[in-house]
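Have a look at the sequence and the structure, and then read on for the main points, grouped by topic.

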Amino acid sequence: MANVVLRNVRKTYPGGVEAIKGVDFEVGDGQFCVLVGPSGCGKSTLLRMVAGLETITSGEIDIGGRVVNQIEPADRDIAMVFQNYALYPHMSVYNNMAYGLRNRGMAKPEIDKRVREAAQILEIGPMLDRKPKQLSGGQRQRVAMGRAIVRQPKVFLFDEPLSNLDAKLRIAMRVEIRKLQRRLSTTAIYVTHDQLEAMTLADILVVMNGGVVEQIGNPLDIYQKPATTFVASFIGAPPMNLTPFRPGETGIAVSGNAGGILGVRPEDLTLTSGTAPDGGVRYDLTVEAIERVGAETFVYGARNGTADAAAVSSRPGELPPGEIIVRLPGQAAPAIGERIVAVAPRDKLHLFAADGRSRIEL
Amino acid sequence: MVENEGIRRYVAHAILWIGIAIVAFPVYLAFVASTQDNAVIANGQMSLWPGGHFIETYYKTLFVGSSGTTREPVGMMLLNSLIMALSIALGKIFISILSAYAIVFFRFPFRMTVFWIIFITLMLPVEVRIYPTYKIAADLNLLDSYSGLALPLIASATATLLFRQFFMTVPDELLEASRIDGAGPFRFFKDTLLPLSRTNMAALFVILFIYGWNQYLWPLLITTRDDMQTIQVGIRKMIVTSDALTEWPVVMATSILAMLPPVLVVIVMQKLFVRGLVETEK
């Protein structure tokens, strides 16, 4: 039971590469914190710094009121689940879970009790005598979780634990990890690049990019009010449509602003034959592609007659400039090549400064 | 097609049998010679079937020794060879696994330099450094001793290299998981790295045991006393080139006996080797 506090944490590798450029946040006791961001954003490095597997160049990491900068991983009272599980291949499932406890000199009956308890919670009781390679991916995942929970640590650290599982299992394990963490009410920090995992698991979501924190907060708050264009396009699938914005172009009036970037989520756009609602936005599109996934349909359209679309730069994971995605419920969709009009009301619009680094409240 | 397959199979088997015959016939001949009377062999009248002197010859070879220049029984030589080959194989594995562990898992100044220095010794086998090595062994009073037989051959770049390559395939996460589980460097080595290296150690042991067993030049130099002689050197000394008659049955029996331990090692270790391969997964 502990909170985790990061104070101006930095990591510079020998050679001068700055992986973490000053990160501050706090995870409250029993909270589930998810670090999310594209690969190379420093989220795993940050987690490994909390674990003690990477040194901290400057700043402080505090676990349960104790600065742990100089403390060995084993003594930080944390447990970690690795992406490839890192199970000891030559040890049985039982020994994999018991190893850490034995190294701490715990009494045998206590070890046995804890391992059996964990095995029961994770439903791996019948597999205790097997070797990791005799288990399926999902079962190995459970053993890795078991190894973490027998320790009864202050903090769980998860490093993309579900990325080696198939899609169906991933969803099942996601729910299970959340239930388990609630049940044990242990503080957890979870790293993922999957925004869906991030949204569904987090109490606090930390969106990272390029070694800095872009936004911290409740997942739904972040979804509703992304602070930067990066967060806007990273959280939510398909990503938010971002188009250059000039005052007066639509009905939106922004006082004293020369211009910026306008964002509309695909799910907030509706097709219409009429005009835009008052103060809203209107896109004239030519349908280029259609994706039907059953419950919903995504329409990819190119804007008619806008040559300046490229003004919003395209970052990895973002749309090609000038392309607008519209999410329609159900399976009805226009034909490819058809001209359509998509509109969104004013209260669904997001406006960002021209550099994309800050949000302008409408 | 079917007939073709059949013919091909027969041809393949025929070739295999020819190969086996080429390898095995001299060994068989040596065995036959070891069971014949010396006079028969000397007359050139040796038959291709085993004679009746099996027990007599092997008893004499193992416990009495030939009546030629070397009077030491072969049992003693076998023991000497065994001690030398085991010390070399186990010593090499011990030293190399430790140095490979240091090179792969620890960050210390001049780590790569150390690695290259070890690597360069590949170019300096005993034959090249024979005089200085002999001098050192002599100065350290290692002549006619088991340590003298084994120590200079123990340092091994090959084995270090092999373990290094293997250690580099061990995922970093395993080390990190150990650190979080509270295992220090020694525990990680003992509990994780050693069990994972079992297969490699078994394979290396086979190769190194045979390497040590087959040593000829070094034991020839370092030992002068008959009771410190290894079997490889002993066989050579039994073959008399002067007027006396070589006791061929004893020589052949010694050869057969010299072949047995490596064969046994291969047979025994092969099981472990295969089992290790099947069980281990990173």
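Let's begin with one residue: A:Val175 sits in helix H5 of chain A, which covers residues 167-184. Please keep in mind that this is a predicted model. Chain A as a whole has eight helices and 19 strands.

**Two residues and their surroundings**

- Is A:Val175 buried or exposed? A:Val175 counts as exposed because it has 11 C-beta neighbours inside 10 Å, and the cut-off for exposed is 12 or fewer.
- A:Pro244 belongs to strand S11 of chain A, residues 241-245.
- A:Pro244 is partly exposed, because 18 other C-beta atoms lie within 10 Å, whereas a buried residue would need 20 or more.
- In sequence, A:Pro244 and A:Leu351 are 107 residues apart, while the distance in space from C-alpha to C-alpha is 9.8 Å.

**Chain A overall**

- Chain A has 362 residues, and 40% of them count as buried.
- Along the principal axes, the C-alpha atoms of chain A fill a box of roughly 75 × 45 × 35 Å.
- Take the contacts in chain A with a separation of 6 or more: 66% of them join residues 24 or more positions apart.

**A six-stranded sheet**

- Six strands of chain A form an open sheet with mixed pairing, in the order S6-S7-S8-S3-S9-S10.
- Which strands are at the edges? They are S6 and S10 (212-217) of chain A, each of which pairs on one side only.
- On average, neighbouring strands of this sheet are turned by 15° against each other, with direction ignored.
- Within the sheet, strands S7 (residues 155-159) and S8 (residues 187-192) of chain A run parallel and are joined by five bridges.
- A:Phe156 has A:Ala188, in S8(A), as its bridge partner.
- Helix H4 of chain A (residues 137-149) lies across S6 and S7 of chain A, and runs at about 175° to S6(A).

**Nonpolar cores**

- In soluble globular proteins, nonpolar side chains tend to be buried together.
- How many residues are in the largest nonpolar core? There are 95, and A:Val34, A:Leu157 and A:Ile189 have the most contacts inside it.
- H2(A) provides the largest share of this core, with six residues.
- Apart from this core lies another one, of 28 residues, including B:Met84, B:Ala159, B:Leu196 and B:Trp218.
- Leaving out residues up to four places away in sequence, A:Val34 touches A:Tyr190, A:Thr192, A:Ala198, A:Leu201, A:Ala202, A:Leu205 and A:Val206.

**Where chains A and B meet**

- The contact involves 17 residues from chain A and 17 residues from chain B.
- On the chain A side, strand S6 (78-81) and helix H2 (93-103) each supply at least two of the residues that touch chain B.
- H2(A) gives the most to this side, with three residues.
- Sorted by class, the side of chain A that touches chain B has 11 nonpolar, four polar and two charged residues.

Conventions
Residues are numbered from 1 along each chain as its sequence is written. Chains are lettered from A and ligands numbered from 1 in the order in which they are written. This is a predicted model: local features need pLDDT of at least 70, side-chain atom pairs count only at pLDDT 80 or more; totals for chains, interfaces and linings use all residues. Two residues are in contact if their C-beta atoms, placed from the backbone, lie within 7 Å. Helices (H or I, at least four residues) and strands (E, at least two) are DSSP runs, numbered from the N terminus. Ala, Val, Leu, Ile, Met, Phe, Trp, Tyr, Cys and Pro count as nonpolar, Asp, Glu, Lys and Arg as charged, and the others, Gly among them, as polar. A nonpolar core is a set of buried Ala, Val, Leu, Ile, Met, Phe, Trp, Tyr and Cys residues joined through C-beta atoms within 7 Å. Two strands pair if DSSP finds at least two bridges between them. Axes are lines fitted to C-alpha atoms, for helices over the stretch in contact, and angles run from 0 to 180 degrees between N-to-C directions.
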